[in-house]
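Here is a short tour for a first look. Keep the sequence and the 3D view side by side as you read.

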Amino acid sequence: MCSPIAHLSGQYESEQFSGVLEVQPILKQSAKFELSVGTHNCTGDLSGELVFVDQINATFTTAGCSLHFTFGHNTVKVIEKSSCDSHGAFCYFAGMYHKK
């Protein structure tokens, strides 16, 4: 049986800065992700497992970071729910990413 989130897999690029988000479903309602961002002042890298709360919304939470992902048609909107310690002070994981 195909995962209901399988169509969300792929690579997405930020529209605001140098950023790449890779998403790969691993179970029916979860996916692994790798997120890398950068500006001329800083870089950030984060990876982990997304937990889907419905067909388009997923969360990632650790002691040092909390993110919310909303998937649209070939897009992902990332919101930092708490300040993440996985990037520098002048770059962020938050923003809109478009599927390559």
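The report below starts with the fold and then turns to selected residues.

## The fold

This is a predicted model. Strands of a sheet pair through backbone hydrogen bonds.

One pair shows the pattern up close. Strand 3 covers residues 30-38, and strand 4 covers residues 43-52. Nine bridges join the two, which run antiparallel. Within this pair, L35 stands opposite L46 of strand 4.

## A buried glutamate

E80 sits in strand 7, which spans residues 75-82. This residue is buried, yet E80 has no salt bridge. Its nearest side chain of opposite charge is K81, and that is 12 Å away. A salt bridge needs the atoms within 4 Å.

What does the side chain of E80 reach instead? Backbone nitrogens are on the list. A polar atom of the E80 side chain lies 2.7 Å from the backbone nitrogen of F93. The E80 side chain also reaches the backbone nitrogen of A94, at 3.4 Å. Leaving out residues up to four places away in sequence, E80 touches S66, L67, H87, Y92, F93 and A94.

## A buried asparagine

N57 lies in strand 5, residues 57-62. Is N57 buried or exposed? The relative accessibility of N57 is 15%, so this residue counts as buried; the cut-off is under 20%.

The side chain of N57 makes a polar contact of 3.1 Å with the side chain of H68. H68 is also among the residues that N57 touches, along with V51, F52, F69 and T70. That list leaves out residues up to four places away in sequence.

## The salt bridge

Side chains of opposite charge can pair when their charged atoms come close. How many salt bridges does the structure hold? It holds one. The partners are K100 and E13, whose side chains meet at 3.5 Å, N to O. K100 lies in the segment after strand 8 (95-99), while E13 belongs to strand 1 (residues 10-14), so the pair ties together parts that are 87 residues apart in sequence.

The two partners can also be described by their accessibility. K100 is exposed, with a relative accessible area of 62%. E13 is partly exposed, at 36%.

Note on methods: Residues are numbered from 1 along each chain as its sequence is written. This is a predicted model: local features need pLDDT of at least 70, side-chain atom pairs count only at pLDDT 80 or more; totals for chains, interfaces and linings use all residues. Side-chain values use heavy atoms; hydrogens and water are left out. Helices (H or I, at least four residues) and strands (E, at least two) are DSSP runs, numbered from the N terminus. Buried means under 20% relative accessible area, exposed over 50%, partly exposed in between (1.4 Å probe, protein chains only). Lys and Arg count as positive and Asp and Glu as negative; His and the chain ends are not counted. A polar contact is a pair of N or O atoms within 3.5 Å; within protein, one must be able to donate a hydrogen and the other to accept it, and residues adjacent in sequence count only if both atoms are side-chain atoms. Contact means heavy atoms within 4.5 Å. Two strands pair if DSSP finds at least two bridges between them.
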